[in-house]
Amino acid sequence: MKTKSLPHDSARGHVTGESVFLDDRPLQRGELHVGLVFSPVAHGKILSVDTSAALALSGVAGVFTAADLHHNLWGTIIQDQPLLADKTVNFWGEAIAIVAAENRATLAAAKKLVKVEIEALPAILSIDEARAQEAFIAVERTILKGDPDTALAQSPHRLDGVFENKGQDHFYLESHISIVYPLENDQLEVHASSQHPTEVQHLVSEALGLRQSQVTCIVKRMGGGFGGKESQAATFSAYAALVAHKLKRPARLALSKDEDMQTTGKRHPFKDWYSVGFDTEGRIQALDVKLFADGGAYADLSTSILERAMLHSDNAYHLPNARIVGRICRTHNTPHTAFRGFGGPQGVAMIENVLEEIAIYLGKDALDVRRINCYQGEEQTTPYGQVVVNNTLPALFDRLSETANYAQRRTEIQAFNASSQTHLRGLALTAVKFGISFTSRFLNQGNALVNIHRDGTIQVSTGATEMGQGVNTKLQQLVAEAFAIPYQNVTLLPTATDKNHNTSPTAASSGSDINGAAVVLACAQLQQRLKACLLAHWAQPVRGALEELSITGQEDTSQILFQDGYLVHKDNPEQRMAFAEAVNLAFFNRISLSGYGHFKTPIPGYDRDAGKGHPFLYYTNGVAACEVLIDRLTGELKILRSDVLMDLGRPINEGIDRGQVTGAFVQGLGWVTTENLVYSDTGALLSHSPTTYKIPNIQDTPREFHLELLENEEPSNVRGSKAVGEPPLLLGFAAWAAVKNALSSTHAHYNPPLRLPATAEVILSCLK
Amino acid sequence: MRDYILFYLNGKRYEVRGEQAFMSLADFLRYERGLTGTKIVCAEGDCGACSVLRGEVLPEQDELRYSTINACITFVHLMDGTHVVTVEGLQDEQALSPIQQAMVENYGAQCGFCTPGFVCAMTDLVNHNAYQNPKGQTHLDEKQIRNGLTGNLCRCTGYTPIIEAGKAVNLAQFTPLQKRYNSPEMMAELRRHRSVPIRIQAGNKDFYAPLSYAEAVTFKQAQNAQIFASATDLGVQINKERSNPTVICSLNLVPEAHALSESGGVISVGARVTLNELEHFMRGHIPEFARLLKIFASPQIKNKGTLVGNVANASPIADTLPFLFVADAEVELTGPNGKRRVNINRFYTGYKQLDMRPEELISRILIPIPDPADSLRLFKVSNRKDLDISTFTAGFRLRLENDLISQIAIAYGGVAATVLRLPKTEAFLQGKPFNLETFQAAGAIARSEISPISDVRASAAYRLKLAENILLKLYHALAPSPAEAVGV
Ligand SMILES: Cc1cc2nc3c(=O)[nH]c(=O)nc-3n(C[C@H](O)[C@H](O)[C@H](O)COP(=O)(O)OP(=O)(O)OC[C@H]3O[C@@H](n4cnc5c(N)ncnc54)[C@H](O)[C@@H]3O)c2cc1C
Ligand code: FES
Ligand code: FES
């Protein structure tokens, strides 16, 4: 991976161990350790909560329950979840009480002394049970295009099937954590590991009955987020804040990895019922699908996640007629939440599986079926009515099938499978077309603050939070380039709600897009002022103490450029001034050196009631080919080779973007293969640590891994770039499709009942 | 006798007394020393975020030998006589080390939470291949990097950038840890302390490290002490509050506990011989066992964990046991009345039940090297190939004479409360022709001899199927058809 781009702005601190994560902060005088008492059943009636024994333990500073909260209901979209359960518990691990103690040993002991009496009630633990009992969250949604019923009836071929995927744990390395310092006048300084500081601020103030202006949330960095810290992080800050506010002492709440995995939401499990009609070539005529998501016990972000799943049920493929219906099941599992892809992966997995099954049914190569179904030209529309423009999908398919040597390898694999008694190989090439923008239009806004200091160095802050994805580095680059100054002179500040407020979560892959565009706007204001000031100075420098340069902001300043640390006259390069000097010129003439940019994404938006609209600014596209090897006797799986080709526009920082692709892709591989959430019959997660929950290891990264980026400037987005965070995750699905392909190769038209994830056990059970 | 633990930390000498000696090393580093570069994620040895380097004194060498270990599941008392280097101790003055530099330039760090652990593990790899055991390379190859970093998880990068970073390190530019840190004073201090026993009592905690097995036995008997080998099992149990031993006896200062030797066709493994030492040793003596040890846990675990610990921990999925069963290994127990030996096939009497009296300890494992005429095949099936606990294990030793199976021993793990021999299957196979049909028929018998359970790793049905299929794998492994050579 050769690249000249700028290294990650925290890289030096990361490799030396100097980077400060929340739990690395030294304890303040009197700081309390905070922990939670969780529900030990999935569903039950709380009969009593007795805190007296815990309170009596020496070293316990306080125990708090629902009654101690000013407002005990939260939810990012629908307020339906208590912060602390008081009457019933609705999932295993729901928080019931907060314990604060002088040290960690006392905290551990005190948590066990809180006596909760619960009468267990029957629990709904699966989509099937929820459907049988009609337990749902929110309303049913539909996207309708054309006349799917007629088209299905008239199609030469028809398949009906069910596709099921399990969830996935985020497994960010840094578990949920928050530290809250009480300040004077009931103000709180909240340090959170959150992708959404504004939501933390709002929830803390609401839960404690404080004004929003009394609470500041600061996020320096996260040790990984992946969506898991979008909505749910806020609750942990609220718990710590309650302690800090009531006891007027600093409070730190850090979950263990086991607690984090047991009690927080996951990627949504889905079960989908579909009917597809197609012609003898495999060209889809109509798709009729019902998506059911396991939302868990409360709404969380499920409505938006289901929406994105529905909006990605076409993926890269044109559906002339479609009915896509979505429903969220209310179960007694953890409230499932955002996870990189945000429903997109579930929609994409469903349709990619349908294509694989069409190929099996017709006895065709699945690549041919995908290729003829993929969006062509610049005029085809999605089921929700957005026209697919700047469409690189056919080119991506064609190029990757060439560079990955698809046809030749297919022949080799067929020969191998015909002769081996112990192993099977499989190959698949799948695609992603990922819509960029929040589907709730109001979230597509961002603000940025750019402050220039007297020495010509700059501090920048936005609502974007840094979780490793490199958004700060991209913003640093945008500012350095705007003023043509060394990147070392640009510092990204911790994200904080007192500098940037009313921000959106860093999510939907849009962190760099939205905040980058806001930064560019803020820089433009400053550029204009500095240039105008310089022009005025060149026209007539001030003489004497009482004169001052003044500017209107409307001047034509196009003749001045920022070049190599100078402001330069474009026709006369001799005429120039060093950046820092120009800054001082502006300062002494009392011209603001602070830029504030506010950006809103220019999109019409999506009407969810109608199932129609134009939700996305553009699409990030990609394709991947995976070849797998299966042990026929044990079901064990090895990924032999992966080829990924993506259209990421013109990357701002190619090194960072490539890291996003490799990281997301391997995370996708994990979801579809080894990451297996195993629950007890009573709804407790059993695989709640890396001993039993297996994310990909370095040995699981494909031995042969090719990654290519197709350069294709995106006219609608900041500096021609495209969002990258989520889309490559969906390409990991190629490994699953390759497993299905391998399994199906043993008998003509054999359609293996493969579930997702394809663990060794599942694979072996599908071997015929 | 001394009442303190002596170790060096990033070159600085520390004596630790009292309660602090019982802390986990990771907690001690983070909360007592403010060295927060060492992260804690899982607290069970499975993620590597807490990786640090540990230098050990070797007999007759004037430098330490460094390797990575998991700080979360080791204790300060177990660090006695070592030099611990954390990520904070790796910079060359103000400059980044070549490993750190390569990680920066190749985008090896995203969120950064796993990064200090990777930097430590990669430093171990470089220090090893550039200095401790140089093979004349200028750069690491991809296989070395993958094998060396198996004990570290990263959720952000997908590993490719980390592999690239590893490949970019110029070994010649690296200053070996020995050159940087091993002063004659440090060596003399560490060596001197190895002959002074330790006793630390603090609150209800009691730690004793004697110089002989006999003293250990006396203490164990008198105090009902728990023997700590390297605590890769015990550390997890303690962190997860499944056990809380207060009286601890370490064999670390017992010289014979570190002995690993072969004589008269029998390999003798002392109580403190690590799995890593064993893996290297076995390459020359029993390569098939070395191959199994390669996929045992991670480098960090093997650098610490012991064979004796694996045997004493008595897990039905302990990876070394099927081998020890079919090899007819013996467990040597030392007690107040001297030594006795038990064939490992009779050592386990029930789930975690051993033929070992409370006052006894395991002093050695004795492994007869299989006859060259025997084929030894060991299998481990797990949900993830590397750094995973087994779903199912199997060991086979068989001899073929004129295409007939003349001798066979079979042991399965993960199918019952203990590792089992399969007498009926063995009897069936005895004298049968070596062909696929034989092993297919044997599968049905094997199924009938076991009673696996369903748990978080697999269903009983899957384990039953594996019990059957593994016999076919054995057949194919010994009679490979041409296609099997491909890609496996
Ligand atoms: C991340 C991780 C991965 C692992 N992977 C594997 C794997 O792949 N395969 C596998 O089989 N195991 C695995 N293990 C388990 C563990 O590493 C092994 O069982 C190891 O061999 C234990 O050795 P130890 O020296 O650490 O034992 P300790 O933890 O120190 O002791 C284990 C038990 O043995 C007793 N004991 C130790 N020495 C003696 C003695 N001389 N006499 C009497 N009793 C004694 C102790 O009292 C204790 O009960 C893994 C563990 C971890 C944490
Ligand atoms: S914290 Fe995970 S291995 Fe130590
Ligand atoms: S960089 Fe985030 S876990 Fe590795």
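## Basis

Two residues are in contact if their C-beta atoms, placed from the backbone, lie within 7 Å. This is a predicted model, in which local features need pLDDT of at least 70 and side-chain atom pairs count only at pLDDT 80 or more, while totals for chains, interfaces and linings use all residues. Residues are numbered from 1 along each chain as its sequence is written, and chains are lettered from A and ligands numbered from 1 in the order in which they are written.

## Surroundings of A:Gly732

A:Gly732 touches A:Phe665, A:Gln667, A:Gly668, A:Leu669, A:Trp671 and A:Val672, leaving aside residues up to four places away in sequence. The loop between α18 (727-731) and α19 (733-744) of chain A holds A:Gly732; helices are DSSP runs of H or I of at least four residues, strands are runs of E of at least two, and both are numbered from the N terminus.

A:Gly732 counts as buried because it has 30 C-beta neighbours inside 10 Å; the cut-off for buried is 20 or more other C-beta atoms within 10 Å of the residue's own, with C-beta atoms placed from the backbone.

## Chain A overall

Chain A contains 20 helices and 29 strands. Of its 768 residues, 61% count as buried. Among contacts between residues at least 6 apart in sequence, 79% join residues at least 24 apart.

## Side facing chain B

In chain A, 66 residues are in contact with 66 residues of chain B. On the side of chain A that touches chain B, α17(A) gives the most, with 8 residues.

Technical notes. Buried ≥ 20, exposed ≤ 12 C-beta atoms within 10 Å, placed from the backbone.
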